[in-house]
Amino acid sequence: VEDRGALHCADDGTKRLGLVRETSGNGNFVRRGAMMARTKLIIPCYNEARRLDTASMLTLLDDDQLELLFVDDGSTDSTREILEQLALGHGDKVGLLALDKNLGKAGAVRRGLVIACESGAEQVGYLDADLATPPHEIQRLARVMSTGTAQVVVGARVALLGHKIER
């Protein structure tokens, strides 16, 4: 596990996390403070450095109940460095799980969901790094989930006659 200044190692894996670096299959947790939001959103990333819109991602943090956990899935570009700076610059609201080996989207999401559940999140979800679902819609879906009236919330792009889907 790399030491990143004020970050501290948690060997038991049960503590809440701010930044995570995985160098083996079991994972090593590095944390700063405690993440306390009710809903944690997993964002898998693979070679997203040119496409990652960090400003739009950060609008999700306007909701105090949301936290972001980025999962760098073994990127070979500068994605990991961008995500590290993002995590270090936003306290307990943004975390990073850095995988040294590419596991594919499903594997990255699965690892992130496990970390989110172990960290005490009451609701977890995931979204694509390209923000195919706009931040305001993600916030709306998170509010619906937090009311307790729904067990599952799913967002999908639907092509409606006369509407254009923007990617």
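A residue counts as buried when its relative accessible area is under 20%, as exposed when that area is over 50%, and as partly exposed in between, using a 1.4 Å probe and protein chains only. By that rule Glu137 is partly exposed, with a relative accessible area of 24%. The structure is a predicted model, in which local features need pLDDT of at least 70 and side-chain atom pairs count only at pLDDT 80 or more, while totals for chains, interfaces and linings use all residues. Residues are numbered from 1 along each chain as its sequence is written, and side-chain values use heavy atoms, leaving out hydrogens and water.

**Confidence**

- The protein chain averages a pLDDT of 77, and 71% of the residues score at least 70, where pLDDT is the predictor's confidence in each residue, from 0 to 100.
- Over residues 1-36 the pLDDT is below 50, although this stretch has 89 contacts in the model beyond near neighbours in sequence, a contact being heavy atoms within 4.5 Å.
- Where pLDDT is low, the predicted coordinates should not be read in detail.

**Salt bridges**

- The structure holds seven salt bridges, each defined as a side-chain nitrogen of Lys or Arg within 4 Å of a carboxyl oxygen of Asp or Glu.
- One of them joins the side chains of Glu67 and Lys40, at 3.3 Å from N to O, and this pair links distant parts of the chain, with Glu67 in strand S5 (residues 66-73) and Lys40 in strand S4 (residues 39-45), 27 residues apart.
- Helices (H or I, at least four residues) and strands (E, at least two) are DSSP runs numbered from the N terminus.
- Glu67 is buried at a relative accessible area of 2%, and Lys40 is also buried, at 1%.
- Arg80 forms a salt bridge with Asp72, their closest N and O atoms being 2.8 Å apart, and a network of salt bridges links Asp72, Arg80 and Asp100.
- Arg80 is buried, with a relative accessible area of 12%, and Asp72 is buried at 0%.
- Glu137 pairs with Arg140 in a salt bridge whose closest N and O atoms are 2.6 Å apart, and both residues lie in helix H4 (residues 135-146), three residues apart, or about one turn of the helix.
- Arg140 is partly exposed, at 38% relative accessibility.
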